[in-house]
Amino acid sequence: MAPMSKLYRLCLCFFSALLLSTFSLNSYASQQNNIRFSSLADEFKNAPVTSYGLAQDQQGFLWLANELDGLQRFDGYQLEEFLVLPPSASNELSISTVMVDSHNRIWIGTWGYGLVMLSEDRRQRQHWQLAGTLAQPADSQKGNLDQIQTTFEDQQQRLWVGTTTGVYYIDAQLRQQNMPAALQKILGKSRIWQINQGQDGQLWFACSEGLLQVSADLTSQKFWSLQQVEYANKTSRFLEVRTVLPVQNGVWLATSDGLFFLNSDAKTIKPLPDHMSKLTRSNKLTFSPQGELLIATSDGLYQLYAPFSYRQQLTKLLHAVDVRDVLSDKNGLIWLATRNRGVFKLSVREDRFALLTNDQQQSYFEHGLNRIASQYYHRGTLWLGLEHAVLSFDMAQKQWKSHSFPEDSLVSLVTGLTVDPNGETWAATNAGLFRLEGNKGFVKEPRPFSRFNDDVDISLMSLSHSADGTLNIGTWQQGLIRWQPNTPELPGTLIALAQNQSDGIQQSAVAPDGTIWLTGFRSGLYRLDPEDLSTTHYSVAKSSSPILPTNNLPCIIVLNNNEVWLCSDNGLLKLDVQHQQLLQWTTADGLPDQRVIAIDARSADSLWLSTRRGLAQFNYQTQQIRSFVEQDGIPSLLLEPRALTSDANGNYYLGTATGVLTFTPKDLAPTSATAKLALSGMQLDQKKYWQLTGTEAKPLRIPADHKILNFTFSLLDFEHSQYHQYRYRLLGLSDVWQHQAHLNSASFSHLPPGRYTLEVEVVSASNPPPPLHIFLKVERHWWMFKLVWILSALSLLVLFALVMRIRVQRLLRKTTQLNLLVDARTSELAEANQQLALQARTDFLTKLPNRLAFTEHYQMIQRQRSRNFEPLTLAMIDIDYFKKINDSYGHEAGDAVLAAIASTLQQRLRQQDILARFGGEEFVLLLPDTSDTGAVIICEMLRLALQQHQINYQQQQISVTATFGVVELDLQNQDLSYWQNAADEALYYGKAQGRNQVVLYADLKAKSPENTAKP
């Protein structure tokens, strides 16, 4: 017997585990059905095509690292680009990573430009470039420290930078540090794919050779290799670890071949079980908000359900996408950065509003849209008045049942339903009043109308009953008819209300004291005393007290004898009967829409109402409104008027054209807000600011002469931005709230000086965040300060005293001033002419004399020579291979070289020597009182000086040489062009002989007697 009992327990445990596993997997499958993906490219024209990294800063903004689109910030409404790369390199270099550190600074890793940091205020940049330059990049085959693969901030606030050829780090004081020798030996030439840190402080480096574990103080390390790990289908890169994720009892790691787990206790590495799908080229490992492991791979996004359980299940969530990065934001959304597919957003939506269905999960509205013209709940049964029938739903049996009307009744709309104290179900229709008689369906009841309308069917608009069972029948154009079913032979009593051709009784409600409240279609509100049938009318007329904002009141509910709540097309209205006061709430107070179409008030602390664009909860005590709109699962524009009811158990039933939604207020209780309402930017005239902080003690300072001041703000939940509604007020200017609807900005112009507080609230969220407060101080104009007024008054007194004296002396000084003015103008003109003459004779680049100035000097020296017969020598100088300098380093480098050569030559010449720039890279030198022998010595000295001189340009050394052509001038021929041609001939000869030499024209003539002709 004992073995059988043991076997029984084993079987029971097995089947229990199987049942639990099946239930968990079913829940998991249900969760998968709620996963929704959307792409930024569907909404934004400037969305990136390829994105490599994602980050979220402390305010809640998202940052995108893109290949071609640079660095972008996303606030839910727009993608703003931040320029971090130089314009000349933007087409060649890309951004590979983005990270936000503990100081809210943005670190941007690039592919070839190194590391860039954006300061906390987003106004300053700092750049680290470690290898190569934009003009001369490092050898890509050997790797590049400026090709950044990953960035990571550890618990010690060190910033680690993994590159294609090693790793380096920057300490908390922003100083670059050298790696310890032991780590440098292991990681010096490795490609660092990812860096992570566990809760125990251990650092993990995923690199091209395996996985490296390093202590927090960098003193010890251990290398883990996949060389000995057995698994099928190894590729040539099976040792390469691409991503690592530390957990409490080990480390998840992924390679180009698959997913593995390193068990800290067993010190073993095991692959994912063979029966699961094979993972290739994993790029990122992270956990979802629900605790599942997400694996970003080159062919899609995977999720490992129950990663630490024997019930592990690998599921592919997104296909045919190269996912490069995954980010779980503060709101529980998951963001995917992909290659060639842009950025995706993933969310798991929990339906808090369930569709009312039977046991077969049928809602009865599955064949299209249906109109619910009336809705009524009574003792476990929900009644719906449709177009041609009445539908009932038994809550206990979960069954739908349709109740028909006679074929000849011409019923096309059921406008009202009620169940009287006798349990009789009544229906008001466009074709009269009907009573439900079991399986027969509804039967027409004409007796209430026999006294005043025997021939024509009356069109009814509403139906209710008083405590004694009397039916209150609202009609179109006929008024209100009261009829007692207990005395059916007596016709109904007509109360002449709302009898216009375009009017009628829309809805009626009975107060505890028996008073009947009625709403007209176009005539306002009526109060009817059932004892004497006296009425009180409330409308938009000035004689009404209080005055209503509108006469269109589609629905009404009475909480007690002195409190009446009304729907209207101008918001929610509350009538205080005792004090004859009217309160109003609109979209500025948080309603999703001005048009309120249904009310129910069975909740003890709240009033529930529906509008044309969503459901709302009004808290009696706090007077605050919570909204539930499309993002919460409400089909806003399909909500039906007067289709909101509740039962005694606190369940609510909201009628829509696609079915009845059920919800329980406790399931909609607000949770702690996660998404922040943030200031996303401020534009002051033409200048835009991105990151602003202002306190009451130190507000933002706005210049007095500002013209336009524009603020943009965003609720950073990123899922429902198009549905958010805002309101704002500028305290100090006005206390009135301005409703912005879906516009997320506020503009002001020419604010007067003073202190202001811009207060912004979200009015459409079911769980709104705290208000946003922005403190401003508009400066005063200079002429508004008291000191300016005092100084101005004193100045006027002094000025008045001086005026009299000035007037006396004015005539005496006038002649002198005119003379001085003439002298000054003459001097200025002479100086200007001198400056123009100097500029016309000076080379702008080398500051040497130009051709014109050189010619004048030559003529002057020739005139002196005609008297003293001193020797004179001319030299032409040409820079060797100057075109190569321009081609190699650019024309700016060539200009710098010419200026340096001119300075070098000028420093080594005598005071009487004249050096000028002849044109391009050619110079001309005139040596007075110097024969050709001395000139050769001087030119040789200048040639050696140029040869030895190294010209620095942008951290590069440029060497130059020059060729000199020298000729001594005689007294017979004073034509400058003649001697220049002679020097040029010697110069060209020197260039032909190899350049970098001094050639004397006389020697050239001696070698070639046939060249005695004019050169």
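## Helix α4

The buried residues of α4 are Ala853, Phe854, Tyr858, Ile861, Gln862 and Arg865; buried means under 20% relative accessible area, exposed over 50% and partly exposed in between, with a 1.4 Å probe and protein chains only. Their cover includes β66, β67 (914–919), β68, β71 and α8 (976–992), where contact means heavy atoms within 4.5 Å. Helices (H or I, at least four residues) and strands (E, at least two) are DSSP runs, numbered from the N terminus.

Helix α4 consists of 18 residues, 851–868. From its first C-alpha to its last α4 reaches 25 Å, close to the 26 Å expected at 1.5 Å a residue; the expected span is 1.5 Å times one less than the number of residues in the helix.

## Basis of the model

This is a predicted model, in which local features need pLDDT of at least 70 and side-chain atom pairs count only at pLDDT 80 or more, while totals for chains, interfaces and linings use all residues. Residues are numbered from 1 along each chain as its sequence is written, and side-chain values use heavy atoms, with hydrogens and water left out.

## Helix α7

Helix α7 spans residues 932–948, which is 17 residues. The distance from its first C-alpha to its last is 24 Å, close to the 24 Å expected at 1.5 Å a residue.

In α7 the buried residues are Asp932, Ala935, Ile938, Cys939, Leu942, Arg943, Ala945 and Leu946. They cover an arc of only 160 degrees around the axis, which puts them on the same side of α7; the arc is that of the directions from the helix axis to the C-beta atoms. Cys939 has 0% relative accessibility. Elements covering the buried residues of α7 include β66 (872–879), α6 (891–907), β68 (922–928), β71 (962–969), β72 (998–1000) and α9 (1001–1007). On the face of α7 turned away from its buried side are the exposed residues Thr933, Ile937 and Gln948.

Strand β22 is joined to β23 (residues 293–297) by five bridges, and the two run antiparallel. Phe287 has Leu293 of β23 as its bridge partner.

Five bridges link β11 (residues 159–163) to the antiparallel β12 (residues 166–170). Leu159 is the bridge partner of Ile170 in β12.

## The disulfide and other cysteines

The structure holds one disulfide, defined as a pair of cysteine sulfur atoms within 2.5 Å. It joins Cys555 to Cys567, with an S to S distance of 1.5 Å. Cys555 lies in the loop between β45 (535–538) and β46 (556–560) and Cys567 in the loop between β47 (563–566) and β48 (572–576), so the pair ties together parts that are twelve residues apart in sequence. The torsion about the S-S bond is about -80 degrees, so the disulfide is left-handed.

Cys555 is buried at a relative accessible area of 2%, and Cys567 is buried at 0%. Cys207 also counts as buried, at 1% relative accessibility.

Technical notes: Two strands pair if DSSP finds at least two bridges between them.
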